[in-house]
Amino acid sequence: MARFARDHHWHVTFDFDDLVPRDWQGDGVITLLGAQQQIWRSLQQFDVPMVDLSESRPDVPLPRVTMDNVAIGQMAAQHFLDRGFRHFAFVHRWELGVSQRRRDAFTAELAQYDRRCEILSWQTQRGRQADTRQQRHRWLAQRLSELPKPLAIFAPRDIEAVEIIEAAMAISALVPDEISVLGVDNTETICDCLQTPLSSIDNNLEQVGYEGAALLSRLMAGEQSPTETFYIAPSRVVERRSTDSIAVPHPQVAAALRFMQENAHLPISMVDVFRTVAMSRSGLEKAFRENYVRPPMEELRRIRLLRAKKMLLQTHEKIVNIAKSTGFETSQNLCRVFRQCVGMTPKQFRTQGAVI
């Protein structure tokens, strides 16, 4: 929001003591309503365009720009499926709208691969226990000890993911080998300051704020308020140690996955993979069908494509150099795979700032 305001010469009132200044005389409002009732009660006195950056108050008739919580849940599920997990859990403290949407999308995506998910909800399972960190810690440690391992756990916020890691430590479960943990928000002051750094989904909040400010600008210029919520997709999973594991019981499949991840930037082929794990092509492909979510050739292409996407969005490297750096060898090969899998060319993907 600040970037948009600076670029468009706005004067923005920030008051952290009085969120809605009583005598404020402005042209528009950007708000994050949340569950607190008093913010909306205070804003109702103003007859100016307003934009909400959350979905917590669907009862309030405001235009909205917010993060895509369905896409966040789907991204979390794919992150764990790509690592071969078969046991999953979703842990949340409160049954809030955002948390529920992430939970439902996560479980629905897993269900497409015939995987079920254990739901651990402190709000519904606490009984008469006081809502203290100590009580949550005891409850969570007990529940984690009961679930099968290796276990992949998705938390709707980084602060809840921290409690999961601490509960895992309390029962001497190894993170990420026995319990793999993924959060949301990519709060670096949280994620990087743990004994086991936390992997987290970057929910693209800067783009949410920028697009919210852009919508407010259009509304102040007289544009009609949109009837549909504008959703901003998450940008990526920021991988750290807490999910750096492969949970595949078949040793050759796990070894093949490791080999592909470590050498995908080289011009390796399936022959190199089969030779590395000392299995026939038919034997390894059968093992993949029984123990993983996709065939080995498709997985190698997925790894390379993901790395090419990251380079397109995060660097200014030429496409021919990206092709060489990601194992595609030639720009023609890279373009062909992009058209097949993404539906556009690498140049179009970079120009549109598409999501990984």
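## Helix packing and charged pairs

In this model, helix 13 (residues 296-314) and helix 15 (residues 331-341) pack at an angle of about 100 degrees, with their axes 11 Å apart; axes are lines fitted to C-alpha atoms, for helices over the stretch in contact, and angles run from 0 to 180 degrees between N-to-C directions. Helix 13 is therefore roughly perpendicular to helix 15, a term that covers angles of 65 to 115 degrees. Helix 13 contributes Arg 301, Leu 305, Ala 308, Lys 309 and Leu 312 to the contact, and helix 15 contributes Leu 334, Val 337, Phe 338, Gln 340 and Cys 341, where contact means heavy atoms within 4.5 Å. Helices (H or I, at least four residues) and strands (E, at least two) are DSSP runs, numbered from the N terminus.

The structure is a predicted model, in which local features need pLDDT of at least 70 and side-chain atom pairs count only at pLDDT 80 or more, whereas totals for chains, interfaces and linings use all residues. Residues are numbered from 1 along each chain as its sequence is written, and side-chain values use heavy atoms, with hydrogens and water left out.

Side chains of opposite charge can pair when their charged atoms come close. A salt bridge is a side-chain nitrogen of Lys or Arg within 4 Å of a carboxyl oxygen of Asp or Glu, and by this rule the count comes to 29. Three of these pairs are listed here.

| Salt bridge | N to O distance |
|---|---|
| Asp 131 and Arg 93 | 2.7 Å |
| Arg 133 and Glu 166 | 2.7 Å |
| Glu 299 and Arg 302 | 2.9 Å |

Glu 299 and Arg 302 are separated by about one helical turn, because they are three residues apart in helix 13. Glu 299 is buried, with a relative accessible area of 0%, while Arg 302 is partly exposed at 22%; buried means under 20% relative accessible area, exposed over 50% and partly exposed in between (1.4 Å probe, protein chains only). Salt bridges that share partners join Arg 93, Asp 131, Arg 133, Arg 136, Glu 163 and Glu 166 into one network.

Asp 82, in the loop between helix 3 (69-81) and strand 4 (87-92), is likewise buried, with a relative accessible area of 9%. Leaving aside residues up to four places away in sequence, Asp 82 touches Tyr 292, Arg 294, Glu 299 and Arg 302.

Notes:
Angles under 35 degrees count as roughly parallel, over 145 as roughly antiparallel, 65 to 115 as roughly perpendicular and the rest as oblique.
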